[in-house]
Amino acid sequence: MLEKLEKVALRLSQIEQQLADPSVYGDVEKMTKLSREQKELQPVVDTYHAYRYAVENHNDALAMLGDAELRDLAQEELQNAKAEMERLSEELKILLLPRDPNDDKNVILEIRSGVGGEEGALFAADLLRMYSMYAERRGWQLSIVSENLTELGGVKEVCATVEGDGAYSRLKYEAGTHRVQRVPETESSGRIQTSAATVAVMPEAEEVAFTIDPKDLQIDTYRSSGAGGQHVNKTESAIRITHLPTGTVVECQDERSQYKNKDRAMKILRSKLYEAEQAKKNDAIAAQRKSQVGSGDRSGKIRTYNFPQNRVTDHRLTGDHKNFNIAAIIDGDLDALVDALTLASQTARLQEGE
């Protein structure tokens, strides 16, 4: 591990030298690539330097043990240095794990109501609000692409894009079936009802990553539905694109411009087809995609939002670390939960010897 860390430190030094050269700023693509790599390597090198400092303290403490007057102090320093070395060693193992190549990508987010009728749709609307508030906290841009609403303001299904630094790295853990237990607004007897909604999270595929033959597309235009006044009634700006070989359908009605709707719909279609193509090549990815969407029933759940008990339980976590305050979560304060899931995932990968 130390040999690998030395190479990482050397690479960071090389990057810093290149970024110090004024000529690099004339090549935006190169500068962006170097800056991104620097951002990825800096935490690793900083932790490595801290580890080396702890090793030095450990060696100094060993040398002091021979001095009778300093022996007690040396033993205390030695114990502290050992603990710090162990902590930093584990941190370095995690930092050196292979990164998910999709982590820096934007996200295609889909939410669908499951069992529970209108209450399931209202819960799906709550999830959309939760992710919208989380995106705002993170400085991301969440934009609705298409939605199918109920008369009471629930969400039958919604597709959105989330653009921002590290969006996929944080949102990928949201994929799966979410279950809610609460007394619905539509329930007059005060009985607790269990409903569900499904969330799918896909990294946005770049055009170079997956190309589509225009001959395989059927493109239809139609009038946008919902609020919008006269514009909705007069302009056929909404776009529906069907990928004929797979039957995949994508709709976009958010933008007033037909061109913008088509461009956004193509991005989503490309991401869906790219994901499906990757799934064919990798059975694990296929299983992951299936687990993301699920059947929309109460089984296969990743998380339960229990309003009567004022807690959110993530079933992928264990012990005292699986429960969270429901008010904070519903208002988009997801960082503590996502951090716990990230750590659990990293720990599992270390145990698997990845």
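Modeller: Contact here means heavy atoms within 4.5 Å, and helices (H or I, at least four residues) and strands (E, at least two) are DSSP runs, numbered from the N terminus. This is a predicted model, in which local features need pLDDT of at least 70 and side-chain atom pairs count only at pLDDT 80 or more, while totals for chains, interfaces and linings use all residues. Residues are numbered from 1 along each chain as its sequence is written, and side-chain values use heavy atoms, with hydrogens and water left out.

Colleague: Against which helices do the buried residues of H3 pack?

Modeller: Buried means under 20% relative accessible area, exposed over 50%, and partly exposed in between (1.4 Å probe, protein chains only). The buried residues of H3 pack against helix H1 (2-19) and helix H2 (28-64).

Colleague: Which residues of H3 are buried?

Modeller: An α-helix has 3.6 residues a turn, so residues three or four places apart point the same way. In H3 the buried residues are Ala 74, Leu 78, Ala 81, Met 85, Leu 88, Ser 89 and Leu 92.

Colleague: Is Thr 248 buried or exposed?

Modeller: Thr 248, found in strand S8 (residues 248-252), is buried, because its relative accessible area is 19%. Leaving aside neighbours within four places in sequence, Thr 248 is in contact with residues including Ile 241, His 243 and Leu 269.
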